[in-house]
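Work through the exercises below with the sequence and the model side by side, and try each task before reading its solution.

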Amino acid sequence: MPRYAAIDIGSNSIRLEAAEVVPGQPVRILASEREVTRLGESVFRNGAVSEEALKATCAVLARMALLYRKLDAVGIRAVATSAIRDTRNQREFIARASEAAGTPVEIISGREEARLIHLGVESNWPLPGKRTLIIDIGGGSAEIIASEGGRLREAFSKPLGAVRLRAIFLPDDPPAPRQLHQMQEYIQEKLAGVVERLGRSGWDRVIATSATASAVASAVARVPRSEREIIDRFRVATTQVRKLFERIAELNLVGRRRITGIGPSRAEIIVPGVAVLLEFLKEFQLPAVYYSRAGVRDGIIADLAARNVGAELSRLSREQRSEVEGMCRRYAVSLEHARKVAHISSLLFAALQPLHALPSASGKLLEAAAYLHDVGHFVSSVGHHKHSYYVVANSDMPGFTERERVVIAMLCRYHRKSLPSPLHNAYQSLSAEERRMVLMMIPLLRLADNLDRGREQRIQSVACQLCDGNGVGVGVGEVVLQVHSRGDIDLEQWAAERAGEAFRQVYNRPISMEKVRD
């Protein structure tokens, strides 16, 4: 399954998230790291990232790069936000940070930051048909996002980050009443235009993201930071936010650190962060807000997945596809059928990756075999699968290595009839890795071929539901093929159900098919 990594270089901290994404399945988080760097402090005080902060940032990024490389992420995006938008030494920062991260670091605008936050929230907590207001309070800026029916309608980026506000307004600890008043007036001024533009009424759900929101929800719920995952989607009343602000505004750093749910580093900037949240709730006249753990990093991963980044690793290159299509023409294979089988094979390979766990590059060999499995008909229709093996194994195929050609030929050999056995010398001559690769992909090729049994290309797309026994009406461990089609596909269903026996033998899971007519 494709693995993606996201690095969010914020004004207060750097976050890494790596995840596996399979269509139709929940995102599986592989790694989640956060390191406080206070990158924005020197920028908001002096206008540039200090050498000390830059070195600390590069050290964190280098460590995170080691982690995502170990996870074999096929897509990685690293972004820098508010502090780096403002710093005067952008060029130096980007050069050194990119080298440390092992991938280009890009400075994103406030609107792009808002888009990614919105995408992250929608991917974690979709609210179809709802009008949603989102606020993300970062270290350098606050993003306010209006969403309707899952689509971003408007977004605003305001210089209301917790690190920025502390640097500008709160030199004392605890802050003096005059300092707090000045900061609150500044926040109200920055929010006024947003409130006027969006309006105060008609919001079905209000959501706060970011570490400030997490700390507020944790403090209100009295949940330790180590257990903060359980407060996702927790509702916090405006009155509770006001009481928390009044309490922390009177405490010094030592006192704030004693509050359950507020970590030692967060305690340094929690006062301005909660002030922004409270003024936001007051200005919009909102009774409560829900906390969401989603953020920029989740949006990056959802965006990479939506754009199918890394899919090219499991698909034939233009040159390879030209080669196999040329062979199809040479051996009088129907290109319409071959392309449809190749398309369905690729869909099955991606959807079933949690089960077969094959490297992405294996998908190219399956796709090639899907094109070439019928070339043996040119020799004879009797035992054509064996003839297909012979033709492919002995063909000159530029763009493929010798071992790849052997694997493709072996898949053609087993696209019908018997599965590999200890008596099949050619199969046994493969390496252990190659044998497993072939065995796991044989059922996928058989299913794909039979889903175009009538050779009329009625199947439009195929999705897979992997059930562990909690689904309604399906068995434990069952795989359900959800087939979108046009017209009657009774023949294809009958053929695919017969081909499903090979799947059951190899994967030790039952498989069934659901028709979804387009």
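The model is predicted, so local features need pLDDT of at least 70 and side-chain atom pairs count only at pLDDT 80 or more, whereas totals for chains, interfaces and linings use all residues. Residues are numbered from 1 along each chain as its sequence is written, and side-chain values use heavy atoms, with hydrogens and water left out.

**Exercise 1.** Find how many salt bridges the count comes to, and describe the pairs Arg 28 with Glu 20 and Arg 63 with Glu 35.

Solution. Begin with the rule, by which a salt bridge is a side-chain nitrogen of Lys or Arg within 4 Å of a carboxyl oxygen of Asp or Glu; the count comes to 36 salt bridges.

Next, take Arg 28 and Glu 20, whose closest N and O atoms are 2.8 Å apart. For accessibility, buried means under 20% relative accessible area, exposed over 50%, and partly exposed in between, with a 1.4 Å probe and protein chains only. On this scale Arg 28 is partly exposed at 47%, while Glu 20 is buried at 4%.

Then turn to Arg 63 and Glu 35, which form a salt bridge at 3.0 Å from N to O. Arg 63 belongs to helix H2 (residues 51–70) and Glu 35 to strand E3 (residues 28–36), so the pair ties together parts that are 28 residues apart in sequence. Helices (H or I, at least four residues) and strands (E, at least two) are DSSP runs, numbered from the N terminus. Both side chains are partly exposed, Arg 63 at 45% and Glu 35 at 31%.

**Exercise 2.** Describe the largest pocket by its volume, its lining and the elements that supply it.

Solution. On a 1 Å grid over the protein atoms alone, a pocket is an open set of points with protein on both sides within 12 Å along at least five of seven lines, a cavity is a set where a 1.4 Å probe fits but cannot get out, and lining residues have an atom within 4 Å of a point. Grid points are joined across faces, edges and corners, and a volume is the space filled by probe spheres set on the points.

The largest pocket has a volume of about 900 Å³ and is lined by 43 residues, with Arg 15, Arg 34, Ser 210, Ala 211 and Arg 297 nearest its centre. Among the elements that each supply at least two lining residues are strand E2 (13–20) and helix H12 (296–306), but helix H8 gives the most, with six residues.

**Exercise 3.** Is Ser 345 buried or exposed, and which residues does Ser 345 touch?

Solution. Ser 345 lies in helix H14 (residues 335–351) and is buried, with a relative accessible area of 0%. Leaving aside residues up to four places away in sequence, Ser 345 touches Leu 366, Ala 370, Leu 444, Leu 445 and Ala 448, where contact means heavy atoms within 4.5 Å.
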